[in-house]
Amino acid sequence: MTGSEPSSSPPGGLDPEQVPLFVVLASDDNGFSGRPGSGNEGGLAFFGSLLDGRRNPGGAGGPFGGAVTASYFMVTRFLEPGGAEDPATVRAAWRDLHEQGHEIAVHTHTHSHGLSFEFGQWRDEMRRCRDRLAAPLDRGGVGVPHDRITGFTRQSAQRPSEEMSQTLR
């Protein structure tokens, strides 16, 4: 809010009936595929079961009439051995999300708290994540083109530091 009162009228002189309802679906970390044989239930398989086959109502093209999608903020250390699931299973689940039209975004590589990070540490953490998402499958990446990696989120309940803000600029 900028100090003005909330309005029940949509912008641009539109009638409320003309304005679609926007719901944002997002998930972060995403180290659990939930796929058969992974040893875990839920995770990305749960999200897939919620969204699979659902379509946005009305309109033609764009988000209207298209598949319901979500934004997935990835922690790329899950693409390395030592996580809860086989990295190849996680990588395949992430690649499937991208191919289904979901947004793939940067969380961090290590999921470090970062409260005392300097600019260079934040830059490296974000770049490492982005580069791993963009790397080809045969080099341990997910194969998402750089220009299709959308957004960043920090660890929950963590206030952005000046260094993080500088990095995002």
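Below is a chat about a predicted model of one protein chain.

Colleague: Which pattern do they follow along the sequence?
Modeller: Reading along the sequence, you get β-α-β-α-β-α-β-α.

Colleague: And how much of the chain is buried?
Modeller: Of the 169 residues, 33% are buried. The accessible surface is about 10,400 Å², with 51% of that belonging to carbon and sulfur atoms.

Colleague: What about contacts, what share comes from residues 24 or more positions apart?
Modeller: Taking contacts with a separation of 6 or more, 62% are between residues 24 or more positions apart.

Colleague: Let's go to helix 2. Which of its residues are buried?
Modeller: Those are P87, V90, R91, A93, W94, R95, L97 and H98.

Colleague: What covers them?
Modeller: The cover includes strand 1 (26–29), helix 1, strand 2 (71–75), strand 3 (103–108) and helix 3.

Colleague: Switching topic: how much space is in the second largest pocket?
Modeller: About 290 Å³. It is lined by 19 residues, and the closest to its centre are G48, D52, L97, Q100 and H102. L97 is also one of the buried residues of helix 2.

Colleague: Which helices supply at least two residues of that lining?
Modeller: Helix 1 (43–51) and helix 2 (87–99) each do. Helix 1 gives the most, with 5 residues.

Colleague: What's the lining like by class?
Modeller: For the second largest pocket, the lining has 9 nonpolar, 5 polar and 5 charged residues.

Colleague: Last one, helix 3. Which residues are buried there?
Modeller: In helix 3 the buried ones are W122, E125, M126, C129, R132, L133 and A134.

Colleague: And why does its span agree too?
Modeller: Helix 3 runs over residues 119–134, which is 16 residues, so at 1.5 Å a residue it should span 22 Å. Its end C-alpha atoms are 22 Å apart, so the two agree.

Key
Residues numbered from 1 in each chain as written. Predicted model: local features only at pLDDT ≥ 70, side-chain atom pairs only at ≥ 80, totals over all residues. Heavy atoms only, no water. Helix = DSSP H or I, 4+ residues; strand = E, 2+ residues; numbered from the N terminus. Expected span 1.5 Å × (residues − 1). Buried < 20%, exposed > 50% of the residue type's maximum accessible area, 1.4 Å probe, protein only. Contact = heavy atoms within 4.5 Å. Areas by Shrake-Rupley, 256 points an atom, 1.4 Å probe, with all protein chains shown as cover. 1 Å grid on protein atoms, 1.4 Å probe; cavity = no way out; pocket = protein on both sides within 12 Å on 5 of 7 lines; lining within 4 Å. Points joined across faces, edges and corners; volume = space filled by probe spheres on them. Nonpolar A, V, L, I, M, F, W, Y, C, P; charged D, E, K, R; others polar.
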